[in-house]
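Please keep the sequence and the three-dimensional view at hand while reading.

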Amino acid sequence: MRSITKPADDLPSSSTPGESGQMLFAILFIALLPAAGLQSAHASDIRVSASVSSTHIAAGQQFTLTVEVQSREPRNVSNPELPELYGMQYLSSLPQTSSRYSLVDGIAQMTYRFNYTLLAMESGSYEIPSVYISVDDREYQTRPVYMRIRPSGDDSRPVTRRTRRPDMFLELELSEKRPIRGQQIVAEIVLYFRNTIEVNTFHVTEGWQTEGFWREDLNRSPTRRPESVILDGTPYRRAVLNRYALFPTRAGELTIPPFSIRASVRQSGRFRDDHSAFFDGFGQQRNVDLKTSPKLLRILVPPSPPSDGQLISALGQFHVERTLSQDVVKLGESVDVITEISGTGNLGLITRPVFEYPASFDTHRPREVIERNERSPQMSGSKQFRDVLIARNAGTFTIPDNTILVYDDARRRYERHILPELTIEVVRDPNARITIAQDHRIRLTPIRGSVTWTNAERPPVWFSWWFWFALVIPAGVFAYGLRVHQYQKKLSSDDSFSRRERAMDKATKLLKSTSRITGTKEIYGIIHKVLSNYIADRINLPNAGLSDRQIVEELRKKNVTQPVIRRVHVLLEKCATVRYTPYPSSRDLMTNLSEARRLISDLEAEI
Amino acid sequence: MEERPQALFNRGNFMMEEQNYAEALEIFRHIESSGLVSGPLFYNMGISHLYLDSLGKASFYFHKSTAYRETADRGQEGIAAVERLMRTRGTFIPQLPWYAFFDWFFFYMNHLAWIVWGLFLLNAGVLVLVAGWLYRPDRRIAIAGMAVAVAGIILIIASVSISIWANGYRQGVVVANNVPIQPQPDLIVDEDMTPDLAYEAYTVTLDQRKSNLHEDWVHIRLRNGVSGWIPESTVRLL
């Protein structure tokens, strides 16, 4: 927990080097007034601070004192001079040192850090006096740090007033409580756990669906080490597991759903307390499911923008700049108008600014590039829009100035960024030996008069009906021809099939021939022959030597229906017996001829 | 400006006579955007761009005019004029035979004509085959018909396959000068590395399948086989 962040420069005692001789300094100040500007520039660049990991701690517990020097450029920093302490002691006078260089919003920053481990000895309220530190041979001091040490195992607050918290819980911490639409909210998933718990690993168990928010992952920013905090008098360790930038895309009430993790933890302390509900045995490793509570946010609508500028949906602290990729271009070459928006805020939601370009330029589809500062703990970086222009005429052209409006969420007002006008000079290519205007060899004459207009779209050939028609027709003809060909082939090669297929034609032809015959008995003879031959052909029997009884018997074998068999039997018998009748009736003959035709037709369906 | 395309075309031609090529192009573009096009329209647009010293767009429209019978020859003359100018500027690159062969398959083979030929052979072959079976039974006629029909089927399958394959490629014309051809899209190329450059009026073969994977960038191959990525805005697709 950082207790002091104010730089020593802000304090009267630390605004000048050294402490002694204030009167002498006053005189020297007047004498050395011209040099004061330089000194102040040097001093304003450096920030010195001290902080402790926890300001409320129990006797016997360890804590960390951190002395930090921040500067815009590398400095020569010596080890701090440690003050004398009461109620606590240094475990080692040698600090853990670290230095870090970062570039945030285009501003370089160098940070030197000195960490000392201290042990709280006696209960009471104490002050860690100012720490002196030499930077580039000039001395700076931090502000004192005040802290309270309570007796070991004692809690200063009554139990009844304290909120009982579990040994381990997950919290969603937001940087903004009442954001406006499009504003960046840094959401940290923070794990709090007691000192007696070791967290080995964790993994996210469910996807985090932040509907209504455009989300950016900030987990590439430097990971923070767990720090000690006091919550309602109870010491906890606080670890930021994940960090996201959320940008509400609509106004109104939006709910951030729970974030769920499964952590693998172990109870490792020397003692156990009443809240050790996760464990049923000392030192046993367990998987614990944790999730944050859903959070309801009321998203406000940004105020109405002024009318004298162009809105590009930018919300945050941004710097807007417009440049040309080159001021002088050759005819036909492309030149990029680069609009760069850099800073912190809703980079991904910023829309392309629209500018007016001279008519002598062809404009092409612009390009868009986002460069994120991955080390930053919030969404920051730059977004570039490159409008590609191609010069078509030589001369000097001007792109008029423009005003871009950016809503500054820190100041809660619109900021105007004025983009000055740009001038492009378009020259003919000196390396081109000839230009169109001078080339008399070109003898192309425009076409005049009436022309035939067609539709620009030409569908593929397989979308046209004639393609499929021309494919289906030969397929149909081929199928028909193949079938007929195979039928004819079988007729000529298979006797029984041929007899069977031709039986009907043969019988019909013979029956028709009876019209030329006058003798009734002869006609009956033909009917008998037709019927017996037809049946023999259909069921592949020899034509000669078949008795009527055999024919009937064969029909029975072929499962011909009984009435048809009886009719066949009756007709054959009639034909056989009519020979012995002196004068057969011609009416009966006609009836029997018709019966023969019907029978053949009926038999066609059955055999 | 709701007028018949012919009236607008005449007005555009008048502007060309007045040597007001920019105004003429405005009118021609208006016709083009209406969806009605013609070979003379593209040819005249090519000439207008040529006089405005925009070789890339001139070449683009001359190429488009070659697709129409009435302007095919004139379009080729226009392309030749552009190539002459490219030679004088030292930006012309000859085409390698291997890539010329592929370009013929992809863009100049006229897949439709080959498909129609295949359909004709298929129909004729089937008719001869059926005649050889049924009306004048002769084994030799049937075999001849079958051979013709099979040739037709092979031609159709080959033409349709090449047409589908060619659909993955498009011919384009570069409309900007000094465009670095990058090995990867979205890559800032160091000028000291002297990357290959694409100049105005280069005809390029564009790989649509690769280009679809990257927004704003297209994968191209030049006539001399050099391939890489350039911004989509610097190419016009034919």
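With 28 C-beta neighbours inside 10 Å, A201(B) counts as buried; a residue is called buried if 20 or more other C-beta atoms, placed from the backbone, lie within 10 Å of its own, exposed if 12 or fewer, and partly exposed in between. A201(B) lies in the loop between β4 (197-198) and β5 (203-207) of chain B. Although A201(B) is not a glycine, its phi is positive, at about 75°.

The model is predicted: local features need pLDDT of at least 70, side-chain atom pairs count only at pLDDT 80 or more, and totals for chains, interfaces and linings use all residues. Residues are numbered from 1 along each chain as its sequence is written, while chains are lettered from A and ligands numbered from 1 in the order in which they are written.

A positive phi is also found in chain A, at D136(A), a residue other than glycine whose phi is near 50°. D136(A) sits in the loop between β8 (132-135) and β9 (138-141) of chain A. With 13 other C-beta atoms within 10 Å, D136(A) is partly exposed.

Chain B as a whole contains nine helices and eight strands. Helices (H or I, at least four residues) and strands (E, at least two) are DSSP runs, numbered from the N terminus. Of the 238 residues of chain B, 41% count as buried. Among contacts in chain B between residues at least 6 apart in sequence, 57% join residues at least 24 apart; two residues are in contact if their C-beta atoms, placed from the backbone, lie within 7 Å.

Helix α2 of chain B (residues 21-33) has 13 residues and should span 18 Å at 1.5 Å a residue, which agrees with the 18 Å between its end C-alpha atoms. The expected span is 1.5 Å times one less than the number of residues. Which residues of α2(B) are buried? They are Y21(B), A24(B), L25(B), I27(B), F28(B) and I31(B). Seen down the axis of α2(B), these buried residues fall within an arc of 165°, so they line one face of the helix; the arc is that of the directions from the helix axis to the C-beta atoms.

After α2(B) comes G35(B), whose phi is positive, near 100°.

The axes of α3(B) and helix α5 (residues 72-89) of chain B come within 10 Å and cross at roughly 15°. The two helices are therefore roughly parallel to each other, a term for angles under 35 degrees. In this pair, Y43(B), G46(B) and L50(B) of α3(B) meet R74(B), G75(B), G78(B), A81(B) and V82(B) of α5(B).

Finally, the two chains meet: 39 residues of chain A are in contact with 46 residues of chain B. On the side of chain A that touches chain B, the elements giving two or more residues are β24 (361-372), β25 (380-391), β30 (454-455) and α3 (465-493) of chain A. The largest share of that side, nine residues, comes from α3(A).

Methods. Axes are lines fitted to C-alpha atoms, for helices over the stretch in contact, and angles run from 0 to 180 degrees between N-to-C directions. Angles under 35 degrees count as roughly parallel, over 145 as roughly antiparallel, 65 to 115 as roughly perpendicular and the rest as oblique.
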